[in-house]
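Trainee: I have a multi-chain model to read. Can you take me through it, feature by feature?

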Amino acid sequence: MTPQTPSPALGPASEPANADGPAYSFTDREATLQARKQTETLGQRPGALVIREGALPPRLFLISYDEQTLTEQECLSYDELWASFQAHPELRHWIDVRGYGDLALMERLMHDFALHPLQMEDVLGDFQRAKVDVFDNNRLFLVSRMTDFTSDLEIDDDQLSIFTGPNYVLTFQDDYDDCLNSLRVRLRSNFSQIKRKSSLYLAYALSDVVIDHYFPTMAAIGDYIEGLEERIFSERRERRMLNRILRIKKDIVRFRRLVYPERDKISEILRLPEEVVPEDVKVFFKDLYDHAMQALDLAESYRENITSLTELFLSDQSNRMNEVMKVLTIISAIFIPLSFVAGVYGMNFQREAPPAGPNPLNMPELYSPWGYPGVLAFMTLMVAGQLYYFWRKGWLGKQR
Amino acid sequence: MTPQTPSPALGPASEPANADGPAYSFTDREATLQARKQTETLGQRPGALVIREGALPPRLFLISYDEQTLTEQECLSYDELWASFQAHPELRHWIDVRGYGDLALMERLMHDFALHPLQMEDVLGDFQRAKVDVFDNNRLFLVSRMTDFTSDLEIDDDQLSIFTGPNYVLTFQDDYDDCLNSLRVRLRSNFSQIKRKSSLYLAYALSDVVIDHYFPTMAAIGDYIEGLEERIFSERRERRMLNRILRIKKDIVRFRRLVYPERDKISEILRLPEEVVPEDVKVFFKDLYDHAMQALDLAESYRENITSLTELFLSDQSNRMNEVMKVLTIISAIFIPLSFVAGVYGMNFQREAPPAGPNPLNMPELYSPWGYPGVLAFMTLMVAGQLYYFWRKGWLGKQR
Amino acid sequence: MTPQTPSPALGPASEPANADGPAYSFTDREATLQARKQTETLGQRPGALVIREGALPPRLFLISYDEQTLTEQECLSYDELWASFQAHPELRHWIDVRGYGDLALMERLMHDFALHPLQMEDVLGDFQRAKVDVFDNNRLFLVSRMTDFTSDLEIDDDQLSIFTGPNYVLTFQDDYDDCLNSLRVRLRSNFSQIKRKSSLYLAYALSDVVIDHYFPTMAAIGDYIEGLEERIFSERRERRMLNRILRIKKDIVRFRRLVYPERDKISEILRLPEEVVPEDVKVFFKDLYDHAMQALDLAESYRENITSLTELFLSDQSNRMNEVMKVLTIISAIFIPLSFVAGVYGMNFQREAPPAGPNPLNMPELYSPWGYPGVLAFMTLMVAGQLYYFWRKGWLGKQR
Amino acid sequence: MTPQTPSPALGPASEPANADGPAYSFTDREATLQARKQTETLGQRPGALVIREGALPPRLFLISYDEQTLTEQECLSYDELWASFQAHPELRHWIDVRGYGDLALMERLMHDFALHPLQMEDVLGDFQRAKVDVFDNNRLFLVSRMTDFTSDLEIDDDQLSIFTGPNYVLTFQDDYDDCLNSLRVRLRSNFSQIKRKSSLYLAYALSDVVIDHYFPTMAAIGDYIEGLEERIFSERRERRMLNRILRIKKDIVRFRRLVYPERDKISEILRLPEEVVPEDVKVFFKDLYDHAMQALDLAESYRENITSLTELFLSDQSNRMNEVMKVLTIISAIFIPLSFVAGVYGMNFQREAPPAGPNPLNMPELYSPWGYPGVLAFMTLMVAGQLYYFWRKGWLGKQR
Amino acid sequence: MTPQTPSPALGPASEPANADGPAYSFTDREATLQARKQTETLGQRPGALVIREGALPPRLFLISYDEQTLTEQECLSYDELWASFQAHPELRHWIDVRGYGDLALMERLMHDFALHPLQMEDVLGDFQRAKVDVFDNNRLFLVSRMTDFTSDLEIDDDQLSIFTGPNYVLTFQDDYDDCLNSLRVRLRSNFSQIKRKSSLYLAYALSDVVIDHYFPTMAAIGDYIEGLEERIFSERRERRMLNRILRIKKDIVRFRRLVYPERDKISEILRLPEEVVPEDVKVFFKDLYDHAMQALDLAESYRENITSLTELFLSDQSNRMNEVMKVLTIISAIFIPLSFVAGVYGMNFQREAPPAGPNPLNMPELYSPWGYPGVLAFMTLMVAGQLYYFWRKGWLGKQR
C-alpha cells in the first residue's frame, strides 16, 4: 500500500477485451474470504495465536525520539530491538512490526508488552473492525483499517493495530508497505509537534494519517462514477455497464462498513475519562471525528449518485428498446400498407372471362394508361403522409 | 454570492442546444472536489495552515458600534484594523475577513485573537460541516454554510466561520460577496436591536441571516421541480429529462447534507450552559431552530416530489413505448390480413388447364363480374370491424 | 374552513374535460409558497412584525364565562374588548382574534398580554409547525395546524395560535371561518365541563377539536384511494391516473408532516412539570396523544396503500402493453404464414416454357382441379391449429 | 370471533367466478372506517360516552373463584351481578361484559368500578391501540386487540379492555364470541394456577391468550403466501394475482400495526414499579414479551416474503411478455423472408416482350424445369437454418 | 447437525431435472412452521411442559473435570447421571441433554436443577430467540441458535439452551448431532483453559463455538451468491433464476433474524453486574460481541449483494427482450421493404389493353431486358444499406 493512489478512472479505457469475467464481479469476495478465514480457526481456543498461511516474515522498525533527537533503525532481531528499547527509557519509541510470520516472536511481543491473548488474536486475525479497548487502566488498544483503491477497482484494506504504553507506541501490520510514510517524514523534521507530545499523541497521529488516506480513495471513486455517467449515453455502450455500476456500489458499501466503526471508535475515545485521554489530546480526536464524518458524508453522497446512475441506466435501457421499436414501427407502418396496395394490383381478377364475356368492373385501373404512374403517385403520397405524422410525433429524431 | 437569487426556473428555456453535456451531470462533483482537496493536504501536520491555490487576497472590514454610534470602515492593513480595534475597548466590533490569501495575516489573526490552530485549519479548509465549539470557557466557534442556487442549477455553498469574543465577533469567508448585506443595513439603522445586545447576539444574527437565505434556494428548487413536472408530458419532450430530474435531486440531497449539521449545531447551542449562552439569547436560537426545521421539512417534501417525478417519468416512458406499439399493432392488424386477401386473389390457380380441361373450382371468384368490387367491399368491412374493435378498446385516442 | 368536509370522492366524476392541467400536479406548492413567503421577510430583524399582504382585517370575539354564566360578543374595537376583559377578573375569558390585518392592534395585543415579539412573529408568519413553548414560568404558547381536505383534493391547513394566561386563553387565526364551532356549542351548554375547569383545560379542548378534525380529512382521503383502486382496471382508464395517485400521496405526506410535530408537541406537554400542567389536565392530554397516534397510524396505512396502488398501476400499464403485443402477435402469427402460402401460389413458374417444352414439376398444384379448394382447406387448418395453440396458452382470454 | 381459524389457504380455489370485485381490494377499509367513526363523534365532549349504532345489548358473565371453588354464571341483570359480586368479597371475580348497547349500564359500571370517563370512552370507541394505563395508584387499564383471519382473507380485530381491581378483573368486548374460551376451560380445571394467584395474574393470562391467538392468524397468512407462490407460475394464471399479493400484504401491515403497540404495552408493564406489578408476575409478562417479539418476527418475515413475491410476479409478467415477443419474432422471422422469396417469383418480368424481342435475363428461373422444386428446397433450408439459430439461442424451449 | 458443512456451492450443478418445484420456494416455511407449532400449544397454561410429537428419546452425557482430570460418560439413566453428579461436588460438570422425548425426565431435571417452568417451556418449545435471563441472583439461562447451511440451501437452526450453576453447566438440544465437538476435543486436551476456569467460562465457550459456526454458513452462502452471479449471463440461463436469488435472500434474512438477538444477548451480558459476570469473563464476551458484529456485517454485505443480483437479473431479463426485439426488427426492416418491391413488380398493370391500345407508361420496367437484374441489384443495395445502418447503431453485435 502506497500513498500514491493509482488513477483508476483511466482504468476501463485500457481494460483487456475479455474483461467481462470475474473482474466485474460485484459480490463481496472480501466478505466471503473473511468468513472462510474465520471458518479455518473453528474450534480453536479463544486467544489461541494462529499464523495465517502466507504471512510475511516480520520486519522490526524502531524510531526513538525526544524533543531534540530522533534515531531510526530496522532491527534485524527482536533482541536487538528489545535492547535498544530498554536502553533508553528517557526517550519515546515507536515500535513498528510489519509481517506476522513468526509465532515465537509474536508470543514474546505479547509477553514483553503485556498484551492480552485476545488482543493478539485480533491483531493476527487481520479482519477486526475498527475499535478501541482500554486495558491496564490507561493503555489503549486501537484498531484502524487502512484503505486503498486498487487499479482494478477494488478497495483493498489492511489492519493497523496500535498499542500505547507509557513511553512507546507499538504497531502491527501484515504488509511491508503502508500509508504512514508521510508521518515518518514529519517525525524526522526538526520542529515536529509529535516529538514534543506524549506517546498518545503519536497514536492519534497514526489514526489521523489512516483517515486522511480515505480521501484519495473517495476521490478515485468519485472520478470513476463521473466517468461512468458520461459513458452511459455513448452510442456503442460498453458491455456489462450495470456490472460496473454495481461493482463500484459494492466498493462504496464496503467503504462505509469500514468507516462507520472508525467513527464510533473515535466517539468512544472522546467519551473516555480525562485520566486515559487528556483534554488537550481530545481536541485533536475531535478534529479527527469531523474528518471521519466528512468521509462518511462523501460515501453517502456517492451512494446516492450510484442509485441515480442505476436509475439512469435502466431508463436508458428501456429507451434503447423504445428506439428499436420505433424503427420497427416506422418501417412496418410505411411498407406494410404499401405492400397491400401492390398486392391489390397483383390480383388476377379477369376483365375478360372468355366464356362469360367481359367484366368491366374487374380492376379497370389495370387497363388505364395512367394506372401505374397513378399508383406510384398514390404510394408516394402515403409515405409522405406517414413521415409527416411520425415527424410530428417526434419519432424521427432522437429523444431521451 | 448575492441575496438576489437568479430565477433558474427560467433557465432551461434558454439552455444552449448542446446542453446535454456535463451541465446535466448529477454526480456530486462538489464531493469529489472536497475529497481531492483533502487529499492535497495529506501528510501535513494537523493544525498546519495551508492557503489553497487561488485564494483571494484578504480584505478587512471593521464595524464598531455601541447603542448610539456606528462606524464602518475597510482597513487597508491589519495594523490599521488592530489599532482601531484596540483604541475602542468600550465599543463592540465586527471584524469581517474576506479572502484567505495571506498566510502571515492569518497567523497574526490566530495569534492575536487566541484561536486554536485546528480551528484556523477548519476556517481555511473551507469544507467544514456546520458545527459549534466552545473554547476558552465561554467563547464560541461557529461554522455555518451559506447556500446559493446558481443559474446553472447547482447549489453553491460557502463557509462562514464565526468566532465570538468578549466585545467582538470575528468572521471569515473566502469570497468578497456574501449574503450578509441585509444584516449590515439593519446594523446601520438607528434602532437596531443588535446594537443594544451582546456580541453573542451578533453571532446569532449572522447565523439567522444564513439560515434565512436557505429559503430562496428552496423556493428556486421548488419552482424548477414544478416546471419539470409540467414538461414531462409535453409532446416533444426535451432530451435527458431524467438527467434533469436526477440533478435537481442531487441538489436537494446536498442541501439536506448541509442543513442537518446546521440543525444539530443549533440544538447543541441550546444545550450549552447558561454561562456560555444566556437564556435571553437562547430564546432567539430556539426560534432559529424552528427555521432550520422548516428548511429541512421543505427539503424532505421536495425529495418526495422528486421520487414522484421519477416514477412519473418512468411510467411516461413506458407509456410512450406503449403508444409506439399500438401504432404498430393497429397498422399491422389492419393491413396484414388485407394483404393476405389480396394475396389469395393473386394466386395463379388455373381455371383452364389446357391439356386436362377446365377446373371450375379453381378461383371462380376471379371470373365473376362482381369479384373485384366484392373483394374491395369485403376489405372495407374488415377494416371497419377492426377500427371499431380498437376504438372500443380505447386504443385510438390518447391515454395516459 | 368549515367543519363540513365536502366529499371529494365524488370529485373526479365531475372533473372538467381539460382537467389534466395543474389541478393534477403533485409538486408541493404549499412548500414552495412557504419558502417564498420566508424569502420575503429576508433581512428583517427577528421578531419584527410584518403583516402579509391580503391579511383580513381582524375581528375580535370574546367569550366570558364561569360555572354558571356565559356571555358571548363580537367586539367592534379593541378598547371595547379590553374594557370587557378588565371589568371581569373573576370570569374566565376566551379572546379569539381572527384576521391579522392591523399592525397597531397586533402590537397592542402583544404588549397587553405580555407576548414575546418572536412569538408574535410566529403567529403572523402563519407557517409555524405545531409546537409548545413555556413562558413567564407557567404560561403556554401552543401552535396547532387545522386541516381541511378541499374539493380539489388539496389539504388546506391553517394555523391556530393559543396563548394561555391565568384566567384567559388568547387565540389567533388568519381566517374568519374555523373548525371550532362545535367547541363553542359545547361551551354554551349549561353543563359543559369546560366551564368548571381552568383556562388550561380550554386550551386542551381547542387542541382536541383541531386533532378531531384530522379524521374527516383522513376519511375523505381513504374514500378517494378506494375510488382510485376501483378505477385502475376500468377498460377506458382515465388519463393521468398516476398523477392522481401521486397527488393524493403528496397530500398524505403533507398530512404526516403536519401531524408528527403535533404528536411531539403533546408528548412535550406530557413531560412538563406539575406546576405548569397539573396531573388532572395531563390525563386529557394523554388521551389526545392517543388520538394523534391514531391519526398517524391512519396516515401510515394510507401511505402503504398508495405504494400498493402505484405498484398495481405500473403492473397494469405493463399488462396493457402485453395485451397490445398479444393482439399483434396473434394477428401476425396467423396471417403472415397464410400470406406466404398465398404468395407461393402467386409465383409464376411456368409449366410450359414454349421453346424448351413442358416443365411438369413447376407448380403442378395450379393445374389440379382441387388446387384452390385444397389450399383453402389447408389454410383453414393452419388457422385452427394456431388458434388452439393460443387458446391453450391462455392468450385469447383476458388475464391480469 | 372463534378460536377455530378457518383455513383460508383453501379459499381461493372456491372463489366465485366474479371474484375480482372489491373482495380483492387492498385499500385499508378498516382504517377508513375508523376515521369515519372518529368523525362521527366530532364535537363531543372528551369523555362523553357514545354507544355506536348497532352495538349489541350487553350480556354479563361472572366467574367467581378461590383456590378451591369456582362458580360461573350469566347474570340477567346488572343488579344480580352486583349483588353476587358484593356478596363474596373473599373470592376473586372475573366480570365479563360483552356488548356495549346500553348506555345506562355502562355508566353504572363506570361509577361502581371507579373508571375514568376517558377510559370508558376508549372502551366504547373500540379502536384504541393496545396500551396500559396505571390509575388509582395500583390499578391497571389494559387494552389488547384480538385478531382473527377471516375466510375472506381479512384480519378481523376486536378490542379487549381489561380493568384490574383488588379482587376482580373487569373485561369489556363488543362481541359475544371471543378467543378466551381456552382460558375459561383452564380456570374450571381443579389445579389451575390462576386460581392460586392474584387478579393481576388473571389479567396477564387474558393478555397471554390474546397474543397466543396471533399465531394461528400468522400461520394462515403463511399458508396463503405459500399458495400464492406456487400459483404464480401456473400456465393459466388467475386474474388479479397482484391484487391478491397486495391484499395479503395489507393484512400483514395491519397485523404489525396491531402488534407493535402490544409489544410496547408489555415493555411498559415491565418498567412499572414493584408496587404495581410484583416481580413474580413480571416473570410472566417477560415471557409474554418474548411471544410478542416472535409474532413481530414472523410478520417481518412474511413482509419480506411478500416483497419477494411481488418481485417474482413482476419478473414473471415481464417474462410472459418476452414469450409473446418470441412467438411473434420466430414466426415473423421465418415467414417474412419466405414471403419475400415467393414475392420475387411472383414478379411479372417478361421474358418475351413481343415488339422488342426476348429478354433472356428476365427471371430465367421461372422457365427452368427445376425452378419450383429448387425454390421449395431453398425455402426449407432457410427455415431449418433459422430454427437452428433460435434453438441455439434457447428461444424454442421455456425459460424463466 | 455436523460441523462439516457440505459444499452447497456445487449443489445446483447436480440438481435433479424437476427441481423447479417447492425446492426453490422462497417463502419462509420455518416461520409458518413456528406459527403452527405455537398454535398447537394454544390454550395451555403458561409454563406447561409439552413434548412435541417426534421428539427424540433423551440421551444424557456427563463430562466431569477439574484442572487435572476429565471423565466423560454417556449415562444410561438419569439416576446414574444424578449419582455421578452428586458424588463429585469438587469437580465441574457439563451435563448435556440431547433429545426431549421424555416428559418425566424433563420434570425431574427442572426440579433438581431448580429451573422455572417458563424456562423449561422455552427449552422444549425449541423456537426461542437468543436471549439471556438471570435467575436465582447469579445463575444465567442462555439461549443460542446453532445454524447450518444444508445441501438443499436451507438454513437449518437448532436451539441450544444453557443453564449455569455453581459448579455445573446444563445444556439442552433436541438433536443428537451438534456443532460442539470441537469444544469437547479442546476440553479433553491437557492444557485446556476451560478446565482452569469457572463454569461460567464453559457457558461462554459454548456460545463462542455456536457463533464461530455462523461463519461456515456465511461462507457457503457467499460461494453460492458468487456462483449465481456468474450464471446470470450464461446463454442458456437456468430456469427460475430469480427463485434461486430470492431463496438465498430469504436465507440471509433468516440468518440476520437469528443473529441480531444473539448480539443483543451478548451486549446484555456485558451490562450485567460484576457479581453475575466477573470482569475477567466479560473480556471474553466482549470478544464474542466483536464476532457477532462481524457475522452481522457479513450478512448485511450479502444482502446488498442480493439486491445487486436482483437488479442485474431484471436488467438482463429486459436485455434479453431487447435482443428478441432486435432480431424481429432487423429481419422485418430488411424483408418487408424487399417484399414491397417484389410486390410492385407483381402488379398486373397492362401495357397492352387490347381494345384501348397500348399504355406505354404501365410498368415499362417489366419489358426492359435489364429489369430483373436491375431489381435484384437494387434489392441487394437496400439490404447492404440497412445492414450498415444497424451495424453503426451497434445492433448486430451483442451488447449488455
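Mentor: Start with strands: two strands pair if DSSP finds at least two bridges between them. Helices (H or I, at least four residues) and strands (E, at least two) are DSSP runs, numbered from the N terminus. The model is predicted: local features need pLDDT of at least 70, side-chain atom pairs count only at pLDDT 80 or more, and totals for chains, interfaces and linings use all residues. Residues are numbered from 1 along each chain as its sequence is written, chains are lettered from A and ligands numbered from 1 in the order in which they are written, and side-chain values use heavy atoms, with hydrogens and water left out.

Trainee: In what order do the seven strands of the open sheet in chain A run?

Mentor: The order is β2-β1-β3-β7-β6-β5-β4 (chain A), with mixed pairing. At the edges are β2 (70–75) and β4 (131–135) of chain A, each pairing on one side only. From one strand to the next the twist averages 15°. For such angles, axes are lines fitted to C-alpha atoms, for helices over the stretch in contact, and angles run from 0 to 180 degrees between N-to-C directions.

Trainee: In which sense do β4(A) and strand β5 of chain A pair?

Mentor: Antiparallel, over five bridges; β5 of chain A spans residues 139–149. A:Phe135 has A:Arg139 in β5(A) as its bridge partner.

Trainee: Which strands of chain A does helix α9 lie across?

Mentor: Contact here means heavy atoms within 4.5 Å. Helix α9 (residues 241–270) of chain A lies across β4, β5 and β6 (155–164) of chain A. The helix runs at about 160° to β5(A).

Trainee: How is chain A divided into domains?

Mentor: Domain bounds come from an automatic or database domain assignment. Chain A has domain 1 (26–317) and domain 2 (348–393). Their centres, taken over C-alpha atoms, are separated by 83 Å.

Trainee: Now chain C. Why is one side of β2 and of β4 left without a neighbour in the sheet?

Mentor: Take the order in the open sheet of seven strands: β2-β1-β3-β7-β6-β5-β4 (chain C), mixed in pairing. β2 (70–75) and β4 (131–135) of chain C stand at the edges with a single partner strand each, so one side of each has no neighbour in the sheet. Neighbouring strands of this sheet are turned by 15° against each other on average, direction ignored.

Trainee: How many bridges join β3 and β7 of chain C?

Mentor: Six, in the parallel sense, between β3 (residues 92–98) and β7 (residues 168–173) of chain C. C:His93 stands opposite C:Tyr168 in β7(C). Helix α7 (residues 199–212) of chain C packs on the sheet, touching strands including β3 and β7 of chain C. Its direction makes about 20° with that of β5(C).

Trainee: How do I size up an interface?

Mentor: The size is often given as the accessible area lost when the parts come together. Here, buried area is the accessible area (1.4 Å probe) that two parts lose on being put together, summed over both. Between chain D and chain C about 6,600 Å² is buried, 58% of it from carbon and sulfur atoms. In contact are 75 residues of chain D and 77 residues of chain C.

Trainee: How many salt bridges does the rule find between chain D and chain C?

Mentor: The rule asks for a side-chain nitrogen of Lys or Arg within 4 Å of a carboxyl oxygen of Asp or Glu. Across this interface it finds eight salt bridges. One of them joins the side chains of C:Glu304 and D:Lys249 (4.0 Å, N to O). On the side of chain D that touches chain C, the largest share, 19 residues, comes from α10(D).

Trainee: What about chain A and chain C?

Mentor: Chain A and chain C do not touch; their nearest C-alpha atoms are 9 Å apart.
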